[in-house]
Every structure is written in structure tokens, then in C-alpha cells.
Amino acid sequence: MTNSLWGRLDDVAGDAGYDDHPPRMGFFTDTSVCIGCKACEVACKEWNQVPDDGYLLTGMSYDNTGALGASTWRHVAFVEKSLDVSTVDLGLPAMGPPEGQGQATESGDNGIRWLMSSDVCKHCTHAACLDVCPTGALFRTEFGTVVVQPDVCNGCGYCVPACPYGVIDQRKEDGRVFKCTLCYDRLKDGETPACAQACPTESIQYGEVSELRQRAANRVHELHEKGVDVARLYGADPDDGVGGDGAFFLLLDEPEVYGLPPDPVVTTRDLGSMWRHVGAAAATLVGIGVASFVGRRR
Amino acid sequence: MREQSMVPEPEFESYYGRQILKTPTWKTPDVPLYLFLGGMAGGSALLAEGAALSYRPDLERVARLAAAGGAAAGTVALVHDLGRPERFLNMLRVLKPTSPLSVGSFILAPFSALSGAAALSNLTGRLPRLGRLAGAGAAVFAGPLATYTAALVGNTAVPAWHEAYRELPFVFAGSGATAAGGLAMVFTPVAQAGPARRMAVGGAALEIAAAEVLLTRVGMVAEPYQQGRPGRLMRTARALTAVAAGATALAGHRSRTVSVLSGAACVTASVLTRFGVFEAGIASARDPKYVVVPQRERLRQRQAAEAH
Amino acid sequence: MAEAHPVGFQWVMEAKKRGATVIHVDPRFTRTSAVADVHVPIRAGSDIAFLGALVNHVLSNDLDFREYVVAYTNAANVITESYEDTEDLDGLFSGFDPETGIYDPVTWRYDPPEEMNAEERERAGELEQEERESTAGDHQQSHQAARSESHGSGGAPVSWKGRRDETLQHPRCVFQILKRHFARYTPEMVEEVCGIKPDQFREVAEALTSNSGRDRTTAFCYAVGWAHHSVGAQMIRTASILQLLLGNIGRPGGGIMALRGHASIQGSTDIPTLFNILPGYLPMPHADQHASLDEWVRGDEGKAGFWGNVRSYAVSLLKAYWGDAATADNDFCYDYLPRVTGDHSTYTTVKGMIEGSCKGYFLVGENPAVGSANGKMQRLGMANLDWLVVRDLQMIESATFWKDGPEIETGELVTEDIGTEVFFLPAASHVEKAGSFTQTQRMLQWRDKAVDPPGDCRSELDFYYELGQRIRDKLAGSTDEMDRPLLDLAWDYPAHDGEVDGQAVLREINGTGPDGAALSAYTELKPDGSTSCGCWIYCGVYADEVNQARRRKPHWEQDHVASEWGWVWPANRRILYNRASAAPDGTPWSERKKYVWWDAEQGKWVGSDVPDFVADRAPDHVPEDGAKGPDAIGGQDPFVMQTDGKAWLFAPLGLADGPMPAHYEPPESPVHNPLYGQQNNPARRKLDHPSNPINPSWSEVFPYVFTTYRLTEHHTAGAMSRTLPYLTELQPEPFCEVSPRLAAERGLEHGGWATIVTARTAIEARVLVTERLRSLRLGEQFVEQVGLPYHWGGNGISRGDSANDLVNVTMDPNVYIQDKVGTCDIRPGRRPRGRDLTAYVEDYRRRAGVDMEHPEEGGAE
Ligand SMILES: Nc1nc2c(c(=O)[nH]1)N[C@H]1C(S)=C(S)[C@@H](COP(=O)(O)OP(=O)(O)OC[C@H]3O[C@@H](n4cnc5c(=O)[nH]c(N)nc54)[C@H](O)[C@@H]3O)O[C@H]1N2
Ligand SMILES: Nc1nc2c(c(=O)[nH]1)N[C@H]1C(S)=C(S)[C@@H](COP(=O)(O)OP(=O)(O)OC[C@H]3O[C@@H](n4cnc5c(=O)[nH]c(N)nc54)[C@H](O)[C@@H]3O)O[C@H]1N2
Ligand code: SF4
Ligand code: SF4
Ligand code: SF4
Ligand code: SF4
Ligand code: SF4
Ligand SMILES: [Mo]
């Protein structure tokens, strides 16, 4: 494997050994137009025959699937956030907008903001899950996406804590791990992934990553022009800690508000150093061993 | 206003307080035991080789058995931990340097085979030369076996593990030595156990020192090592290690009783350390604070640097 | 809209991307509010006050689109001297009979023309006669309902165009009446009634008026947040008045969009499942009033506009039903048509079931035990039937109430004592059969069958066809006159693979001419029996023998009107009354809003849509005296379905509760009506039964408002969502939403349980404490609202109490729809079980002083 572990990488599929391959495909999820309809969640389950994830009222706004996991490959987060607006009327939750506060957000109400965002596997340029997989069950496709082969996975679970986004997870009863495949089967047929196809508002945009990055930059610019200063891209930067995501986002608040790590780094960035430290420690151990035998015989 | 008498919690936002990372699916006690067994077996293999070279047959036998037994039990623990144990061998289909688990399989497998052969030969007295050769081979893999598990856990996004990747190998090396020495002290006559005692004491010193560096260097991520159950485990382990090492140094060579007791304490301390490290990692994965706060800080520093 | 019409909402998002301002008026902060530019939290049931104030704002600041208003609406019409307004009568209009609770609309009429011709005089006489009839005897209610519902495709027939004062100065002209009527609807009043701050009101008013006029148009979308009230029709009327004053009707980007419900709910009013109309909004004949075909069509026949040709539509319908048996000699089998004798609407029928007058019931694709207001009434009714047929995809609560309904738990019903024989017949779902949906734009879209239905499931078409055949077989050879309507039916349709071909039915609905070929427009229909047509407004959907509804040319392959996707009634016209998109002289109002205009050279109306006008009628055309039907439409009368060609700011006829909207409090309300002494809609339709007690207004026992609504994740009564794992996991349990203030007041815990109580019963639900629900301040009073999704019932993967068990039945008098709001109490913890529950509710009733002698009154007035 010639996988470089870190930094900018412009041809992921090529790096993974594909000579002649299609362009890298991915998602731009524009959460500013998401209406939280969850069509993406349902479409994903229908297409990929993912089992239900239990029937639990979480109390987390309208989110009852909670997080991405082995049986939730698309997850729509609902963030209810009060806006700190000092009100004239005591006893009343934030009601009236102070001057000029109105356009600071994309949301229509000045007392509360309800952010919705459809999360998914990021199909990282440097995918920790893939790096650490000891069996090769996780692999890079010709589209530059990251996919698990369920028939190879031995359930070692290494990929689970490796993912800096907490995406991939194990299905307890089954032992294997699962996550979004970016609808590899559909891509091979030239089709759009099920979730993107179902999204009514084009919050999920599927396409060539290079083109999507352009589109995303334009959209942020457009929103900034409109005074939505809070708009920012997440995962679109090819120089970030994972070399950029194949599935990136436009957010209206800090990433952690949506349950995303603010500055994720692929763990294998430090792998060289790790091995060096392991080597040194191993040597130290040998040293202790040797030292234990030198000196007085007692 | 609430009282602000305590140190204020670092301010951070999260999604309903939910964890960001996935909790490692690795099971207890399988995995922490495996961490322990690997270290103990590695240290023992070294001890066995030294004993063979310095002609301490009692020590050699105990250490050989410890190395082989540790490796075998470790393999069982590892296989047991797999979600699909029947697919254990898939791990040996490829060697992936980016995957410490893969690399580890290629350490564990030969080590198990070699240490097993050495132990068998030692027990039966058969093929002594080959046995010795196998023992020497096992010793080659001993250091890596005892320490690669630090890379195994370090090479994850789990804050308490990843942030500690520099120190953990030394903690594990030290802890492995403590365990190997301790175990040998329990089963070997005092007269032959000198190297075991020295190994235990040396390991303890290394472990305690490395853990100390770890706690001071990793910032807030040290919390899980200090709080709650993992905190208790780590503290107990350290105290036990210190006491056992002290006792060993002072009286280990004089009293079989002291030797047995402090040897057992060493082993126990090593087990506790592994459980502590393991559980500290789990705790840090469960709390979004350990993801958000350090990453925010990193971003802040980067932005500050860029601004200059 | 994002919640219940997410797919349609994509176009709102698209408009927003292009710069549109999206305003959302809703008691709750919803997924729609989340992406809207402005969210206006409003007290449930108070929309007339809000919209009325917008009307007032437009009128008192001269912000109306005057040229449009004068030319295209009845603003200039002068109303009779005897008309009295709510201003004069403290909340009543003239003509109210407190005994019957019914309005006689005779005083709301247009002033007759100064010089009446003989015919007009005769019509005047007839009208009075009809109106007198309608307000006497026991069929008044049904008559009213039949009348208003039959205007689904156009206004009520007036006798004359009436006297007009185009300066709008006459004190009795509609414009001046409107001004006086709405003068008290001020921003301050809005704050007091709706809880909306004057600043926010002005923000909306400004956005609305600055985005209307020659160059710009504003659209309104609504659904059951307006419709489901005892004043539902009038809420929508208020919006219509506003849109007409701003010139936003008949123009691109304007209009009032009724976002409809089930995928073809529009279709089920066009080809109705309602008791009081026939296909194409022909009124159902009344047993006493419409003894002959002539009497039946008299109301509309010959009047100006396209309703004037009603006889052609009616006769063609009869020909479609009875084919060759229908001849001029037998009035085209008019006598075979069933008659209404009174109110046969759903809730009245249920009362009939309880009282024993209705013995058998078909439930086809409906789950009233969960979906209809006052679930207990529904179940008590069904438990008292001889037989009940349920055709559904799932074993719904309405089919199992006899063994596991809430009344079994409380002991109010005992399984062994229920005599109802229940037949459950599995139905094929929409993907398991071909057919058309008619959606909110009046668009028919044909779907092909995707998969075969499993097991014994069958389509409705197949089922009814065979049912008809079996009945006809049984009756074969009968000489009983009573059986003729069935035996003479034209009841033969070709089958494919053993299934009746739906396209043959669509073709029959489209209609055929004397040569047996498919017709292409309703203008081809004849009153002489030479044409046949199952629904006149659908005529053209099978033009050229092609299923036009099946056209699927994508929008990127055609212009913005996209007229080759599906087919829209009438005549594939995408925007109704689009003549109004041009100025009176026929030129577009503006280049930007150009849509349909007069091309003098070609001598016809042109544009990208099908002009909604007589194609070659010049803008300056003045109809001859005595012209009838379409010939009587003037060149500047865009509202061609109205007998006077004008849009009605003031409805001289056709509404049961007033010619103009007035704000009344919901039947259950914690608030005194600040606008009038009259608390409730005086004409509201009450359902008097001990199982339907109303919470008294202003009751301290029931201090909170609740409103019910949908979640994106579930569908209506839930059988199509609670039974599916992928949808259930998304909203796995019934819950209620409350504000933090209310939670504190009642000690409700986020995630805990709450019991919600009305005079009907108490239900339990988990609690979501959220700022998305607002505490509203009305003057000195705080009003708290409890939000309740209504999707749950006892069956399915996820089960729970039904919100509808809390809801009372009080109806809008025009369309007999129930109210979606009411008052309640809410307490922490789960509800009592079994008999304790009835005792618990009884205690509430006693404390609130519910008058069980007159349970429908609630004791407010
Ligand atoms: N996902 C989903 N989609 C559906 C359905 C479904 O069950 N699930 N049902 C379909 C059907 S049958 C229909 S009829 C439509 C209905 O579509 P909608 O009318 O959009 O549905 P609701 O959620 O009942 O009501 C809409 C809103 O009205 C608000 N509301 C309540 N009272 C008032 C009031 O007095 N004034 C105002 N301004 N707002 C008020 C509620 O808070 C709610 O947000 O949806 C259709 N689409
Ligand atoms: N409190 C309150 N109550 C309300 C409302 C509200 O807003 N608040 N909204 C009201 C509104 S707008 C509506 S439309 C009603 C809806 O109330 P209902 O119509 O009673 O409820 P649905 O669940 O839509 O019932 C439709 C049934 O048809 C079945 N079905 C689906 N397809 C087919 C088919 O092809 N053939 C047959 N035979 N069956 C089929 C489904 O399984 C389902 O059980 O609820 C009303 N009730
Ligand atoms: S987000 Fe996680 S699971 Fe997805 S590719 Fe990146 S590391 Fe792997
Ligand atoms: S669990 Fe499966 S996919 Fe994940 S690292 Fe192990 S073998 Fe690879
Ligand atoms: S791309 Fe496919 S697998 Fe991934 S979330 Fe979307 S639908 Fe699911
Ligand atoms: S389908 Fe689109 S709009 Fe709906 S929740 Fe998913 S991303 Fe948001
Ligand atoms: S369920 Fe069907 S009709 Fe309703 S929004 Fe979705 S696609 Fe449209
Ligand atoms: Mo509906």
C-alpha cells in the first residue's frame, strides 16, 4: 500500500492503486436548506435494507435515531437553540427581535433557532477506519469512497474508535461493522445515491467532489452576501486534518453543536511517531531485561 | 447566579451532551487482559532468554511458561473479542503497516508459536537446541509484543489513548516488565529470582515515570486517568506498584514471603494499569468534552498562529 | 408546509433561493418556521383577526391595487339597504335567526339594477322563493351545505350584476362596507387577540404590500391550520379578500394555495366522496326542492358565466351513469339519482349510528376511530351498527375497537354486548394499482401499477365493479321499479389481466361525443343527451383518445408553465382566472408578470398558459342585454365561473355564516372575544349529544389551548406509518409539546408523562418542553398552548392514546369540518386507568360546570 497517511491528496482513488478511474464522487450537504423531513434516512434504509434502530423517544427535539451508527447511515440532527435575546417583557421567552438581529441567522424566528442537518460518513481522504482495518474489509472504491465488505469483516472493531467522526459502528447481534457505502451499487450503475435522490430541497447534493467544493464555496459566499454570517463549510478543506471529506457540509453553527468534532484529525497522521515510540519503548524493555541480568548474581 | 466557587467546567457545546466518537466495541475483560498478557508474556520471554543464558533453570522454566501461556491466553482473549471469531484468520490475509492490529497479529502469531515451542521443549526436554532457538526467536518479538498494544490503542481517535501515544508504549513496557518480573518472583525460588526482581523494580520505575509524564503532558485529557473508576484503578495500580517495587528492592531477596507477595502485587498492579488505561480511553470517548475542548484549543492556537 | 408537504416545499425553498421572503404564521415553531424568514407565532383559532387587520391595513392606507380592485372585484357593487353589519349588531350580520342558528342571506344581496328588465324581475322572484325555502323546514342545513360546497368550481349564482359605483364612494358599496367592517381590526387588536406584537404585524404588512402590485405578486399557502375551525371557510375568505385587494389572484406567483391532504383529496372533491355534491360540483338533488331535472338546474341555468351551461354538464353526467337508458323523455334518468333529505355529513351520520338510525357503514380508506374528532363518538357509533365493512391496508383501530378500544378498557363498552358484524377486506395500496391522483393544483397525474397486490388485496375499482355486478346479478330479472337505477346503470368496463382498466374509467369521466369519440373540452358538452361525461371539469383529460394525465415531460424540456406534465382541470389551465393577469385593456400588468394577454392582431388571448377566458372575446366587449351563459361574460370579467364575472370581496350569497369574515373565538376558548359581544360563530354547526360535551369558555378548569397537527414522520390516523419500522423509529411515541413556562406552571418534566384532559376524556403522552411553543401574551392574559400530534392509536408498532379523543365536534357551517383546537388541562404523570378514568373526567366536568343537559353549548353564552 502506498497510502500516504496525511496531508493533501488530490487523487485518492489513484493513490489507492486505481489507474483508470472515474472522478471522486461525494456529497455536499447544505444544511441551510434542510427541512428535517428525514426522507434521506428512510430512503437509505429502504435501499440498503438497513434494520430499524429501535423505538425510543429520546427527547432530543425531533431526533429519535440519535446518531450515526451501524443501523443509521444517514442521521438528521435537530438542534434547538435559544437565541440570547433580551426581551422587554419579563416572564416571556425570547419574543421580539432587537433591531438588526433578524438577518443574523437563516432561521425565521428571533427567539429560537432550529437547525437541521443530515449527517453521513465523510468518506475521508485519509480514512482512519480504512487505515486501521487489519483485514482489508474496508476498502477505497474507484469513486474515492470508503466501503466495508461485510463478507470480509471479522468484527475486530478497530475501525470503530479509529473514526474521528464516530461514524462506523458494530451491529451487536451481527458482530460486523456497517456504515454508509455512498450507495456503491448505485454509483456503479451511474445512479444517484438513494438519500440524495430522496432529498426534496437539494440539501444533499451528490456529484464530483471538485465541482461540489466549488458549488459549496459559491453558496457560502451567497449566504454571506445575504448577511448570514454564520454560514461556514465543514470538511471541504483538502488541507484539514483528514485531507478533506468526500462528504462535506455547510453549517450554520459550530460543528460541535451538531455533534461533529471541531478539528478532526486522522489518527494515522501520528502513526510514524507512534511506531517510533513503540520501538523506543520496546528497546527500553529489552534494556531492562538485559540490565536485570547484569551485575551481582543474587 | 450559581456559585462559582469550584473551578469552572471548561465551556463547550455539544449535541445534547451526546458523545461524538463511538465507544470502542472492544470488550472487557478480553481486551485489557490481552494488553496485560501481551506485556507479561513479552517481559517473560526476555526473562526466559536471560535465565537461559545465565543458567537459572527454575527462572527459565517459569518465564518460558509465562511467555507461552500469556501468548496463548492473549490469543484466546483476542479471538474471543472479535465480533466474528470464526473469521480470525482474515487478519493474517494481509499485512497492513497502517494497522497496528494487523502488525500485532504478525507479532503475536510468531511469538506464540516460538514461545510455545520453547516452553514445550523446556518442559519435555525434547529438541533442546531447537527449543533454545525458538526461545531466542520469541525474545526478538518480545519487546514489540509488550509495546505494540500501545500503538494499537493509540492509533484511534479516542482522546485519552491517542493523545498519550508517546508515553503509553513506555507505560506498557514498564507494566509488562513489572508483571513478568512479579510473576517470576511468585514462582521462582528467591535465589534465582534476582533478575525478576530487578526487572520488576525497573519496570515499576519506568511505568510510574512514564505515567507521570503522560498525565502532565496531555492536558485535560489526563482527567479520565484521574477521575472515576479508571482514576481509582490507575491510582491503586500506582500505589501497588510503588509498594511492591519498594518491598522487592528492600526485602525481596531475603524473604520468600515478601517475594511472593510483592510479586503478586506487581502482577495485580500491571493488570490494574491495563484496565485503568483501557477504561480511561472508554470514558474519554464517551464524553464529548474530551473531543471538543482540545480540538477547539488546537483550532484557536492555529488561528492565532495564522493571525501572526 | 415543510412538515406536511415536504416535497411541494422544495419549490418554496427554490423561491427563497431566488430571493422570495417566506413568512410562516403558526402557533408553533415548526420545520417550516426553521427555514422561513419570519415566523409569526399566533394563538390557534385567531387568524381572522390577524388577516382582517392586514385587510384593514391595506384599506386604511390606500395600499390596494385600485385598478384591479375596481375592474375585477365586486368592490363597486352596492348592497341592499337592509344589510346590517357586525358593526351594527355587535358581532352578528343581518338575517340571523337565533332560534335555528341560521342566516337568511336575503339582506346581503346586491342592490338590484336601477332598471330591471322583465327577466331580472322574474329571477328576483325565484331567488326570493328559493331563499325562503332554504330557511324553512328541516332541510335548511343540508341545503346550505349543498350550496356552499357546490361552489368548489365557482361562485354561487346571483340574479343580476347589480348596481355599481366605480368611484367606490357610495356608502353602501362593498368597498366602503369592507372599510367599516374591518376598521376595528387594528394592530393593537391583533396583539390582544392573536398575541402578535404590533412591530411584527407591521413587518408582515410591509412585506406583503411591498411585494404586491403590477410588478410583484404574493402567494398564500394554507391547509388545515385554517380549514379546521368553526370559522374555517371564513379564515380562507379573509385571505381571499386580502389577495384580491392586492391584485394577487389570477396572476403568476399569486393565488391562495390550498395544500391538500391525502394524495388525491382534491380528486375526492372533484369526483366527490361528499354527500352533498356530485361530480364537477353539481349539487346533490334535494328530495323536496328538486323534483325534476329543470328544478335541479334552475339555480344556475342561463346565468352569466360557464355555470350557465349547467344543464349540459348535468345531462352528460346522467348519460355517463345510465347510458342508453337515459333519454330526453325520462329526464335522462334524473329520477334515478339519489336525493338528500337533510344533513348526511359524517359527524351527523355518526350521531345517527349512536341513535340507531344508521345501520350499516362502509369504511374505505379511513380510520375514524383515530382520525376523526371525538373518537369516542365514532366508536360508540360503530359499536351500534348491524354491520361494518372496513377496506384497508392494515388492521386499523376502526376495525378492532370492539375488542381493544379505549371504551373496552373503561367498561363503557363490553365486547360481548357489541352486535356489529365487522367485515375486514384487505385493499391494494396506491403502488399496487394504476390510477390518477388529483393534487392541489387541480392536476391529474396518472400512475402505473408498480407491483401486484399481495394475497387477497384488491383495488377499489375492482372491488366496486364486482360488488356492482354481484348486486346486479342478484337483481337480474326484477320488475321492481326500485331496482331500475341499478339494472340500467352503464356498468361495463374492459378488463386487463383480470383487472378493470382504470383508463377506461378515466375516458368515461372525460366524456364522449355523438360519434363515441373522446371529447376534448367541456364546451363541447350538450344538453340534449348527445354527449356523455362523468365529470364536466375533467373533460379534456382524455382528449384525442390520449391519457393526458400520463404526460411526463420534465420541466427542463418545456417552458415555465410546463403544460405538458400531467393535465390540469379545467382545460389544462394551470392558473385559474388568468385573464386577470392582464389589465382591463388586455395588456399585461407588467413585463415581469406577463402571463396571458390580448393579441389584437390575432384577435385572441395568448400566452404560455391556456387563457381562462372566451378565447376571442375582446377586452372591450360588452355583452348584449339578455345574453346568457358564457355569452354574458364581458371583456373585463375575468372570473368566468361567477355569475357576475367578478371576484367577491363581499359574498352576497353562498356562505352560511356571513358575507364577510368576522373573528369569533373557537367554541372552546380561554379568551373573551375582544372584537364583539358575540363570543362564537353564531352559525357554527353543533352536534348535540352527551358524548360530545363542550368545555365552557373562560373556564379555569380548562385554562389552556391545545391544537393538533401532523408530524412529517407519520400519516394522519397512523395506519400507514405506525405500522412501518422505518417511520415508527423516527417518532416512536405520542408526545405533547409545551412551553417552558407552562412546564414550570404545571410541573411537567421534559421526557416525562403528562395527562391532558377535556370534557370528553383524558389521554396521556410524553412531554417535550420546548421553546418552539410560545407563551403568548394577550394584553394582561397569558395563553399557553399545548401541541398535540394526532397520529397515534391502539394498534401498530408504536401505540398510544389518540389526541382526537380529546377533540370536540363543532363544525364549520359551510363544509361541516371539525375544529382542530380546544381547551384543556394538563397535569404531570400518567392518566388513570379503567373506570378511574371516567370518574376522573367526570370530576373535571363537574368542576367546570359542563351543562350535560345542553352539552354542545359549553355554557359560554
Ligand atoms: N407527513 C404528513 N404529511 C401529510 C399528512 C400527514 O399526516 N403526514 N396529512 C395530509 C393531510 S390529510 C392534510 S389535510 C395535510 C394537512 O397539512 P397541514 O395543514 O400543514 O397539517 P397540520 O400539521 O395539521 O396543520 C398545519 C399547522 O397548523 C398549525 N395550526 C394549528 N392551529 C392553527 C391556527 O389556528 N392557525 C394557524 N395559522 N395555524 C394553526 C399547526 O401548528 C400546524 O403546524 O397534510 C397532508 N400531508
Ligand atoms: N385532531 C385532528 N384530527 C384530524 C386532523 C387534524 O388536523 N387534527 N386532520 C383531519 C384530516 S385533514 C384528515 S384527511 C383525516 C384523516 O383521517 P383518516 O382518513 O381517518 O385517516 P388515514 O390514516 O389517512 O386513513 C386512511 C386509511 O386508508 C388506508 N388506505 C391507504 N390506501 C388505501 C387504498 O388504496 N385503499 C383503501 N381501501 N385503503 C387505503 C390506510 O391504511 C389508512 O388506514 O384526519 C382528520 N383528523
Ligand atoms: S468518516 Fe469515519 S467511517 Fe467514514 S471514511 Fe472517515 S474515518 Fe471512515
Ligand atoms: S471491524 Fe471489520 S471493517 Fe472494521 S477494522 Fe475490523 S475487519 Fe475492518
Ligand atoms: S449514500 Fe447510500 S448508503 Fe450512504 S447514506 Fe446515502 S443512501 Fe445511505
Ligand atoms: S431529505 Fe434533505 S431536507 Fe430532508 S432531512 Fe434529509 S437532508 Fe434534510
Ligand atoms: S408523501 Fe407523497 S404526496 Fe406527500 S409529500 Fe411525500 S411525495 Fe408528496
Ligand atoms: Mo386531510
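Of the 308 residues of chain B, 59% count as buried, where buried means under 20% relative accessible area, exposed over 50% and partly exposed in between (1.4 Å probe, protein chains only). This is a predicted model, in which local features need pLDDT of at least 70, side-chain atom pairs count only at pLDDT 80 or more, and totals for chains, interfaces and linings use all residues. Residues are numbered from 1 along each chain as its sequence is written, chains are lettered from A and ligands numbered from 1 in the order in which they are written, and side-chain values use heavy atoms, with hydrogens and water left out.

**Chain B overall**

- Chain B has 11 helices and 0 strands; helices (H or I, at least four residues) and strands (E, at least two) are DSSP runs, numbered from the N terminus.
- The order of its elements from the N terminus is α-α-α-α-α-α-α-α-α-α-α.
- The C-alpha trace of chain B spans about 75 × 50 × 35 Å along its principal axes.
- Among contacts in chain B with a separation of 6 or more, 78% are between residues 24 or more positions apart; contact means heavy atoms within 4.5 Å.

**Chain C overall**

- Chain C contains 26 helices and 27 strands.
- Its radius of gyration is 27 Å, close to the 29 Å from the globule rule for 861 residues, so chain C is as compact as a globular protein of that length.
- Along the principal axes, the C-alpha atoms of chain C fill a box of roughly 75 × 70 × 55 Å.
- Of the 861 residues of chain C, 61% are buried.
- Residues 24 or more positions apart make up 71% of the contacts in chain C with a separation of 6 or more.

**Between chains**

- Chains A and B share the most contacts of the 2 pairs of chains in contact.
- Chain B and chain C are joined by no contact, and their closest C-alpha atoms lie 13 Å apart.

**Helix packing in chain B**

- Helix 2 (residues 57-81) and helix 3 (residues 100-124) of chain B have axes that come within 8 Å and cross at roughly 140°. That makes helix 2 of chain B oblique to helix 3 of chain B, since angles under 35 degrees count as roughly parallel, over 145 as roughly antiparallel, 65 to 115 as roughly perpendicular and the rest as oblique.
- Axes are lines fitted to C-alpha atoms, for helices over the stretch in contact, and angles run from 0 to 180 degrees between N-to-C directions.
- Residues making this contact include Arg64(B), Leu65(B) and Ala68(B) of helix 2 of chain B, and Leu108(B), Phe111(B) and Ser112(B) of helix 3 of chain B.

**Backbone exceptions**

- Most residues other than glycine have a negative phi, and most peptide bonds are trans.
- The Thr28(B)-Pro29(B) peptide bond is cis, with omega near 0°, and Pro29(B) sits in the segment before helix 1 (30-53) of chain B.
- The Trp569(C)-Pro570(C) peptide bond is cis, with omega near -10°; Pro570(C) is in the loop between strand 16 (567-568) and strand 17 (596-599) of chain C.
- Leu127(B), not a glycine, has a positive phi of about 40°, and Leu127(B) is exposed, with a relative accessible area of 58%.
- Glu545(C) has a positive phi near 60° and is partly exposed, with a relative accessible area of 37%.

Definitions and conventions: Rg over C-alpha atoms; globule rule 2.2 N^0.38 Å.
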